[in-house]
Amino acid sequence: MKYTPKNQSLAIMQPYFLPYIGYFQLINAVDNFIIYDNIQYSKKYFVSKNQFLQNGKPKAFSIALQKDSDYLNINERYLAKNFDKEKLLDSIHFAYIKAPYHNDLMPLLESIFAYPKENLFDFIYHSILKICIYLEIDTNIFISSTLPINHELRAQDKVIALCKA
């Protein structure tokens with residue numbers, strides 16, 4: 001962990017797969033960014049789902065996950081064995097084939113989808129880091145579960161402890 005002086009700006013967010021530009025604007029706007037990985041996974045949030053435009057209309061997609069308890073944290077969930085990364089990548093490729101910068105961005109997406117680890121958080125974290133590098137964002141990024149706090153804390157108490165750490 002890198003030392004960070006006091007009085008620096010900080011943001012904490014859940015990880016999202018291929019998040020919207022505002023996510024990266026937030027990372028870029030702060031000195032330190034914590035990705036909250038040890039928080040309960042919820043199907044309601046855009047952690048493992050998102051959408052892209054296909055023929056000008058939103059098309060939803062999701063990362064297929066192994067069936068497991070609804071009470072596991074994000075960092076305890078795994079990609080399903082049958083998650084077809086190539087099919088999803090092809091769908092994105094053909095949806096944006098005529099878009100500006102398509103040829104520049106496809107290698108980035110291919111490297112994201114080629115990531116071999118099956119842990120949901122690792123997969124998403126890798127994608128966020130790759131995109132930050134591409135966008136030349138050099139904010140300090142920390143993973144909440146690795147910070148030296150009492151991880152049994154809940155809600156605002158845990159967030160406050162993360163901020164202090």
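Mentor: Let us begin with contacts, bearing in mind that this model is predicted. Of the contacts in the chain with a separation of 6 or more, 59% are between residues 24 or more positions apart.

Trainee: What makes two residues count as being in contact?

Mentor: Their heavy atoms must lie within 4.5 Å. Ser145, for instance, meets this condition with Asp37, Asn38, Asn75 and His151, when neighbours within four places in sequence are left aside. Ser145 belongs to the loop between E5 and helix H5 (155–164). By contrast, 39 Å separates the C-alpha atoms of Ser145 and Gly56, which are 89 residues apart along the chain.

Trainee: Why is Ser145 called partly exposed?

Mentor: Its relative accessible area is 30%. Buried requires under 20% and exposed requires over 50%, so a value in between is called partly exposed. Asp90, in helix H2 (residues 85–95), has a relative accessible area of 38% and is therefore partly exposed as well.

Trainee: How do you know whether Leu18 and Glu136 are buried or exposed?

Mentor: The same cut-offs decide the matter. Leu18 has a relative accessible area of 17%, which is under 20%, so Leu18 is buried. Glu136 has 70%, which is over 50%, so Glu136 is exposed. Over the whole chain, buried residues make up 42% of the 165 residues.

Trainee: What makes the phi angles of Leu18 and Glu136 worth noting?

Mentor: Most residues other than glycine have a negative phi. Leu18, however, has a positive phi near 50°, and Glu136 has a positive phi of about 60°. Leu18 is found in the loop between strand E1 (10–13) and helix H1 (21–29), whereas Glu136 lies in the loop between helix H4 (120–134) and strand E5 (140–143).

Trainee: How do you know that E3 and E4 are paired?

Mentor: Pairing requires at least two bridges, and six bridges join E3 to E4, so the two strands pair. They run antiparallel. One of the bridges links Gln54 to its partner Lys57 in E4. The two strands form a hairpin with two residues between them, and Asn55 in the turn has a positive phi of about 55°.

Trainee: What makes the chain as compact as a globular protein of its length?

Mentor: The chain has five helices and five strands. Its radius of gyration is 17 Å, close to the 15 Å that the globule rule gives for 165 residues, so the chain is as compact as a globular protein of that length. Its C-alpha atoms fill a box of roughly 45 × 35 × 25 Å along the principal axes.

Technical notes. Residues are numbered from 1 along each chain as its sequence is written. This is a predicted model: local features need pLDDT of at least 70, side-chain atom pairs count only at pLDDT 80 or more; totals for chains, interfaces and linings use all residues. Side-chain values use heavy atoms; hydrogens and water are left out. Helices (H or I, at least four residues) and strands (E, at least two) are DSSP runs, numbered from the N terminus. Buried means under 20% relative accessible area, exposed over 50%, partly exposed in between (1.4 Å probe, protein chains only). The radius of gyration is taken over C-alpha atoms; the globule rule is 2.2 Å times the number of residues to the power 0.38.
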